[in-house]
Amino acid sequence: MAEATKKGAFTGSPIEPEVAQLLVDTLNLEIKPADIDPAKPLFREGLGLDSIDALEIALAISKRYGFQLRSDDKNNREIFASLRSLGNYIQQHRIR
């Protein structure tokens, strides 16, 4: 069962707030980073992101953290499932 969170409660990896800020800045979202529920989906019913947003996020991650997310990676759905899963992936693979 997924860990219960309340709105704005970053309880996963310590990088979650930083990644939330990256999403807001990269996509020019009109919300505060703390308003992104780390367990909710980033795409469709969650934040409503699309494939172009995913490309922009991947580019920003590459620049900031020094590794690339490949568009043909079979795990992309899991990696981009939520802020929490994206943060965990970045935490494990970051170079800087």
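Is asparagine 28 buried or exposed, and what is its relative accessible area? Asparagine 28 is exposed, with a relative accessible area of 63%. Here exposed means over 50% relative accessible area, buried under 20%, and partly exposed in between, for a 1.4 Å probe and protein chains only.

The model is predicted: local features need pLDDT of at least 70, side-chain atom pairs count only at pLDDT 80 or more, and totals for chains, interfaces and linings use all residues. Residues are numbered from 1 along each chain as its sequence is written, and side-chain values use heavy atoms, with hydrogens and water left out.

Helix H1 covers residues 16-27, and helix H4 covers residues 83-93. Helices are DSSP runs (H or I, at least four residues), numbered from the N terminus. H1 has 12 residues. From its first C-alpha to its last, H1 reaches 16 Å, close to the 16 Å expected at 1.5 Å a residue. That expected span is 1.5 Å times one less than the number of residues.

Two packed helices are described by the angle between their axes and the distance between the axes. The axes of H1 and H4 come within 9 Å and cross at roughly 110 degrees. Axes are lines fitted to C-alpha atoms, for helices over the stretch in contact, and angles run from 0 to 180 degrees between N-to-C directions. H1 and H4 are therefore roughly perpendicular to each other, a term for angles of 65 to 115 degrees. Their crossing is right-handed; that is, the near helix is turned clockwise from the far one by less than a right angle.

On the H1 side, Glu16, Val19, Ala20 and Leu23 meet Leu83, Arg84, Leu86, Gly87 and Ile90 in H4. Contact means heavy atoms within 4.5 Å. The residues of this contact divide into 6 nonpolar, 1 polar and 2 charged. Ala, Val, Leu, Ile, Met, Phe, Trp, Tyr, Cys and Pro count as nonpolar, Asp, Glu, Lys and Arg as charged, and the others, Gly among them, as polar.

The buried residues of H1 are Glu16, Val19, Ala20, Leu22, Leu23, Val24 and Leu27. They pack against H4 and helix H2 (51-65). In H4, the buried residues are Leu83, Arg84, Leu86, Gly87, Tyr89 and Ile90. Their cover includes H1, H2 and helix H3 (76-79).

Most residues other than glycine have a negative phi. Asparagine 28, which follows H1, has a positive phi near 50 degrees. Arginine 44 also has a positive phi, near 55 degrees. Arginine 44 lies in the loop between H1 and H2, and is exposed, with a relative accessible area of 67%.

Note on methods: Helix = DSSP H or I, 4+ residues; strand = E, 2+ residues; numbered from the N terminus. Parallel < 35°, antiparallel > 145°, perpendicular 65-115°, else oblique.
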